[in-house]
Amino acid sequence: MEAANSAVSQTKLLDFRSRRSIGSLYSSRHKGGTSVCYVKCSSHSSHNGPQGTDESLSLSVLSNPTSDVSKGNFAKSIHMPVKKHNLGRLNCSAEACTHDTNFLSISSSHAHERVGILLLNLGGPETLNDVQPFLFNLFADPDIIRLPRLFRFLQRPLAKLISVVRAPKSKEGYAAIGGGSPLRRITDEQAQALKLALKDKDLHANVYVGMRYWHPFTEEALHQIKKDKITKLVVLPLYPQFSISTSGSSIRVLQSIIREDAYFASLPISIIESWYQREGYIKSMADLIENELLSFSKPEEVMIFFSAHGVPLSYVQDAGDPYKDQMEECISLIMAELKYRGIVNQHTLAYQSRVGPVQWLKPYTDEVIVELGQKGVKSLLAVPVSFVSEHIETLEEIDMEYKHLALQSGIENWGRVPALGCTSSFISDLADAVIEALPSASVSNAKRTSSEPETETDLVQYAINLFFGSIFAFVLLLSPRVISAFRNFLI
């Protein structure tokens, strides 16, 4: 994530135990083949919220073919069965990527279709002036900071307070990498490269970029998709592993728009939920690691250090986020590929970018670096495994902060694998993933219902909430002592 992630989860307000259904997003694990989930999206809340309505949405989600069904509440939200499709096996090298399935029929089968590809990403501030509003957009997302029902109307005021408090520190980070995030530029380059790769595979498609927290927003991309009269859409989050805080949040925005728009409700859509297990991605990562190992004088002695962006532990334990399991499996697949090539270096995985007092996924990157130095490790190769683009977490956090910490801890030789970016084998594999997803695109089935009139009890409860919530807001926003304590809490 961008610097915003350096502020996400902050507080004890992050309560995913009482979160509403997240649109029945799902990650499944099936050995062999790719699964397609038909997902029901309900507008109901948790046991603390109103009862579910008959409003529903079905989308086709091209899911992870090798992941176990999550055991938490997240997995329990599935409403329809999984249908498996055997899509063949990828054969990749550093230069090219082919597929056993016959793609010659792509041109004819989609000759009369206007195919669109929507790339989803987090977004990032392009200038220092963008930092504070970018952070506000992040914290205004109820899937990032989950407030109790009594104080939900304070989401935006609280987001304003946090963004103002965090902005100065975040600006320092962005200033250190040139004054802004390169994420939009790189994502635009990836979109263009993907379009060309699809064209080489006889599929002509428009590729759009939709960011969650900064321009171009997902809503802007969807407006252009509608304007271009796209007749079939594949949604591709640029996160290899699924997390409710990354792909999940972006997909929920997409679902909410589809429910309210007749055009999108009738548009066949396929969502590639995660793709960390794809052979093309695994081999592309192995290529980068293998090449970077050669820069060390003694490659066989280098510790391969996978650093992934972290999430609060409550995401995994309480909300059933499959991110941790998918990350660990991804590392296992990469190391198996390296072993096949004769590379048997030791490796470890840690999670970066934690903030605030809440517990995050462990082990923590900074703590592991210090421990490795104490154990006598002299050569370390950092691998930003959850990032496909350079951004503040790679350019500032890893390249500057963690490198400095490593050298201070006794590690003498430091290296870092670049993000995949527009690596040809990687882009080619994404193109194959899109082509595989097209046949599973299905029309949504969204039924809108009129809102039920508020009862007298609802109005009384609202008045009570407003009264006590206003007192809370006054104390929180106007008390210098509270603001000072809150600033220390976040930083």
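# Briefing on a predicted protein chain

Over residues 1-105 the pLDDT stays under 50, and for this stretch the model has 338 contacts beyond four places in sequence. The model is predicted, and the mean pLDDT of the protein chain is 77, with 67% of its residues reaching 70 or more. The protein chain holds 16 helices and 14 strands.

## Whole-chain figures

- Of the 491 residues in the protein chain, 58% are buried.
- The protein chain exposes about 20,900 Å², and carbon and sulfur atoms supply 53% of that area.
- Among contacts in the protein chain with a separation of 6 or more, 83% are between residues 24 or more positions apart.

## Helix α3 and its cover

- Helix α3 spans residues 131-139 and is largely enclosed by the rest of the structure, because 7 of its 9 residues are buried.
- The buried residues of α3 are Val131, Gln132, Phe134, Leu135, Phe136, Leu138 and Phe139.
- The cover over these buried residues includes α4, residues 155-176.

## The crossing of α4 and α13

- Besides its part in covering α3, α4 meets helix α13, residues 392-408: the two axes come within 9 Å and cross at roughly 90°.
- Angles of 65 to 115 degrees count as roughly perpendicular, and α4 and α13 are therefore roughly perpendicular to each other.
- On the α4 side the contact is made by Gly173, Tyr174 and Ala176, and on the α13 side by Ile392, Glu396 and Met400.
- By class, the contact of α4 with α13 has 4 nonpolar, 1 polar and 1 charged residues.

## Residues at this crossing

- Ala176 lies in helix α4 and has a relative accessible area of 40%, so this residue is partly exposed.
- Not counting residues up to four places away in sequence, Ala176 touches Glu396 and Met400.
- Ala176 and Glu396 are 220 residues apart along the chain, yet their C-alpha atoms are separated by 6.9 Å.
- Ile392 is placed in helix α13.
- The relative accessibility of Ile392 is 5%, and buried means under 20%, so Ile392 counts as buried.

## Glu290 in helix α9

- Glu290 is found in helix α9, which covers residues 279-293.
- With a relative accessibility of 28%, Glu290 counts as partly exposed.
- Leaving aside neighbours within four places in sequence, Glu290 is in contact with Arg341 and Ile343.
- Between Glu290 and Ile343 the C-alpha to C-alpha distance is 8.0 Å, and the two are 53 residues apart in sequence.

## Cis peptide bonds

- His215 and Pro216 are joined by a cis peptide bond, with omega about -10°.
- Pro216 is placed in the loop between β7 (205-211) and α6 (218-227).
- A cis peptide bond also runs from Lys362 to Pro363, where omega is near 5°.
- Pro363 is placed in the loop between β11 (347-352) and α12 (365-374).

- Lys229, a residue other than glycine, has a positive phi near 55°.
- The position of Lys229 is in the loop between α6 and β8 (232-237).
- The relative accessible area of Lys229 is 60%, and exposed means over 50%, so Lys229 is exposed.
- Ser353, likewise a residue other than glycine, has a positive phi near 75°.
- The loop between β11 and α12 contains Ser353, and Pro363 is placed in the loop between these elements too.
- Ser353 has a relative accessible area of 7% and is therefore buried.

Note on methods: Residues are numbered from 1 along each chain as its sequence is written. This is a predicted model: local features need pLDDT of at least 70, side-chain atom pairs count only at pLDDT 80 or more; totals for chains, interfaces and linings use all residues. Side-chain values use heavy atoms; hydrogens and water are left out. Helices (H or I, at least four residues) and strands (E, at least two) are DSSP runs, numbered from the N terminus. Buried means under 20% relative accessible area, exposed over 50%, partly exposed in between (1.4 Å probe, protein chains only). Contact means heavy atoms within 4.5 Å. Accessible areas come from the Shrake-Rupley method with a 1.4 Å probe; for residues, only the protein chains shown count as cover. pLDDT is the predictor's confidence in each residue, from 0 to 100. Axes are lines fitted to C-alpha atoms, for helices over the stretch in contact, and angles run from 0 to 180 degrees between N-to-C directions. Angles under 35 degrees count as roughly parallel, over 145 as roughly antiparallel, 65 to 115 as roughly perpendicular and the rest as oblique. Ala, Val, Leu, Ile, Met, Phe, Trp, Tyr, Cys and Pro count as nonpolar, Asp, Glu, Lys and Arg as charged, and the others, Gly among them, as polar.
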